[in-house]
Structures are given as structure tokens and as C-alpha cells.
Amino acid sequence: MPVGIGFIGCGGIHRAHAPHVVEHPDAFIACAMDVSEEAVAKHQEDYGTECGTTDLDELLAHEDVQAVIVCTPTGYHPDQVVAAAEAGKHIFCEKPMAMTVAEAERMAQACEDNGVIFQVGFVRHFCNEWLKLREIIQDGAIGRPVVWRSVSGGSGAPTPWFFDRKIGGGPFIDGAVHNYDFARFTFGDATRVCANLRNMKTTGDAWDTGTAVVDFESGDQLIMCWSWGLPGYGSDVRADGAHDILGPEGAIIFAGDGTLEVRRKDETEIVEFEPDTGADWFRRQMAHFVECVRTGEQPDVGAREGIEATRIAEAILSIGDEPAVMEL
Ligand SMILES: NC(=O)c1ccc[n+]([C@@H]2O[C@H](COP(=O)([O-])OP(=O)(O)OC[C@H]3O[C@@H](n4cnc5c(N)ncnc54)[C@H](O)[C@@H]3O)[C@@H](O)[C@H]2O)c1
């Protein structure tokens, strides 16, 4: 029997998942739910889903819904995931798993208690470029420990809830959680963080701009200098961004043309990988979830990954509230 999937939330990111459920030979969209009638109607029109509702209980009571994909604002994930787990549904939950570790642990416990599968949407685990980067760092291409620098500036996410401290939290949880997770996947557990955050936008109360540093027990370090504080929302104003990795024997540069460059003294090595697109990552991610639902295996990217990335985010945001600094 194909896996019947229910969408909880039919906004932006659900559009990255829905086509891969529709195309999957062993899955189908059984029902779609959103608090917005308009979003439900648009989903039904675009993906041909018969069942649409604005009532979560109705979706969870639907007998064809075996699993759910949670694509709502982050602060709403915990109650929805717990309700889905208690209804016996397997769960794919978008990242960040939750706004706090306590909430993420409550979700994990509900999944464990009810024997359901839980996957979190850290899509970089399905991306050739990021996986190749991890492989060459771990193979010692530039020595260890390394410093991963990530600089990014723009107007931020398109809908206002992303800038609400309680349910969205701004870039240092929402966007950067991909970095926390991938750094942890590559380096191991984090040991400490420091941060200096501020607000450039006058709308929303979440920190939208700043710098955070995460140290890992391996000695590796992640430095993020990020802003969603530029004017507008979505892609209105963008500054230049950069990712690179510095190590004692060289640097790894994202060349942006389907290669990674490893620069060492007197030589530059071009590292190739099979080029793929965002659609490929999301397709593989969904295929992994459907496979896990069918086999009963817990996904490779599950509650532990979600909780640990949330732990780093929560610590950075709490420093933003109470900065520990040396006054000059
Ligand atoms: N994997 C990624 O790279 C990625 C990218 C973007 C967003 N996300 C994550 O996906 C989640 C959703 O983000 P988005 O960009 O789709 O946001 P969005 O604002 O585009 O869509 C959110 C949708 O949820 C609906 N909604 C709000 N409250 C609801 C409720 N209580 N019950 C049901 N529906 C409700 C809204 O009406 C809207 O349609 C967030 O956690 C976000 O961080 C992940």
C-alpha cells in the first residue's frame, strides 16, 4: 500500500516537498491542512488533493493519513508533532525542530512513546556538495582543526512570523540551524558558543543581525556573521555572502560552479562532485522518509539531530538576551 501523507501547513516550504510526494511511486498526498482556507484551496488546485481542511483534528482522524509533513511556523511544531504522534502518525518535521530544547525533547518523547518515525528537515544531508565538503574535511584535506566561516546578508524570509521571537526567532535559529546541524554532523558535538546580536529592522522582535561563534569538542569552529536586517522581505536587498573553511594546511572555497577548491601552499586542487539541484535534495530527503515509514527504520536525520541543533540555537539566542562582554 502506498504511504498516505498529510500536510500540516501549505505555505512556502511545503511546495518544495509536495511534488516529491506526488511523484513518488509509493506515496500520495491523502489530505492537506492549513489555517488559511486560501492556502488549502491553492494546494488542492496545484496538487489535485481531494481532502483539504483547516482543522488539524480532522486531518489526524483521516484514515488514509499514515504520516504527516509539518511545514508550519517553528513555534507551532511542538504541539502539532505531539498531536500527530499521539494519533499514531509518522512525522517529517521541517527544521528548526522547535524554538527550545525542552520543546524538542517533548516532541521526541511523544514520538518514542507512540512508536512513530520522526525525521527533521536538514536537507543538506541529501546534497552532494555539502556531503563532499564533509568528506574532504574529515579526510584531512586542509588539516584539522578547521574554522568554517559563513557570512550572509539579506532582507530575510518573506513572511513576518520569521521575525517573531516566540515562533520564528530570526536567522540565528531559522537559517543558521542548517549550519549548526551540518557542523555537528561534520565535527561532532559542540562545547560552547558566544554571540553578539542586534536588531536592524524595526519590525519584529527577533534578533536579525549579528555574529555567533560555535566551538566543537574536536577543536573545530563555526563563525557566522549573518543578517536578515536589510530592507524588505524575501529577496529585496542582498549583500554579498561567503562560505569558506580555513585549516592549518590550506583553505576550501565554494567555487560555485559545481566544484570545491582546495587551496594549499603552491597548489590548488579542484574537487568535483556530481552536480545536483535543490529539487534533487528534497526528492532524496522525501524518498528517505517514505522508505523509513515503509520499513519502520528510524531516519538518519532524526530527533537527536533536531535537538542538538536547537541546543546550539537556543544558547546563542539566550546570549543575545544577556551578552557577556568585557567593556572597553
Ligand atoms: N528546509 C528548509 O530549507 C526550509 C526553508 C524554508 C522554511 N523552512 C521551515 O519550514 C517551516 C515553514 O516555513 P515556510 O517558509 O513554509 O513558512 P510560510 O510562512 O511560507 O508558510 C507557513 C504556513 O503555515 C500556515 N500556518 C500557520 N499557522 C498554522 C497552524 N497553526 N496550523 C496549520 N497551518 C498553519 C500558514 O497559513 C502558512 O500557509 C518553518 O519551520 C521554516 O523554518 C525550512
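**A sheet, its helices and a ligand**

Colleague: Which residue in β12 stands opposite Leu246?

Modeller: Leu246 has Ala251 of β12 opposite, where strands are DSSP runs of E with at least two residues and helices are runs of H or I with at least four, numbered from the N terminus. The model is predicted, with pLDDT of at least 70 needed for local features and 80 or more for side-chain atom pairs, while totals for chains, interfaces and linings use all residues. Residues are numbered from 1 along each chain as its sequence is written.

Colleague: How many bridges join β11 to β12?

Modeller: There are 4 bridges between β11 (residues 242-247) and β12 (residues 250-254), and the two strands run antiparallel; pairing takes at least two DSSP bridges.

Colleague: What order do the strands of the open sheet have?

Modeller: The 8 strands follow β8-β9-β10-β7-β11-β12-β13-β14, with mixed pairing. Because β8 and β14 (267-272) are at the edges with a single partner strand each, one side of each has no neighbour in the sheet. Neighbouring strands are turned by 15 degrees against each other on average, direction ignored, using axes fitted to C-alpha atoms (for helices, over the stretch in contact), with angles from 0 to 180 degrees between N-to-C directions.

Colleague: Which strands does α6 lie across?

Modeller: Helix α6 (residues 128-138) lies across β11, β12, β13 (259-264) and β14, at about 25 degrees to β13, with contact meaning backbone-placed C-beta atoms within 7 Å. Helix α7 also packs on the sheet, where it touches β7 (147-153), β8, β9 and β10 (221-227) and makes about 20 degrees with the direction of β9.

Colleague: New topic: which residues come nearest to the ligand?

Modeller: Gly9, Gly11, Gly12, Glu94 and Thr159 do, of the 22 residues around the ligand, counted when the backbone-placed C-beta atom lies within 6 Å.

Definitions and conventions
Contact = placed C-beta atoms within 7 Å.
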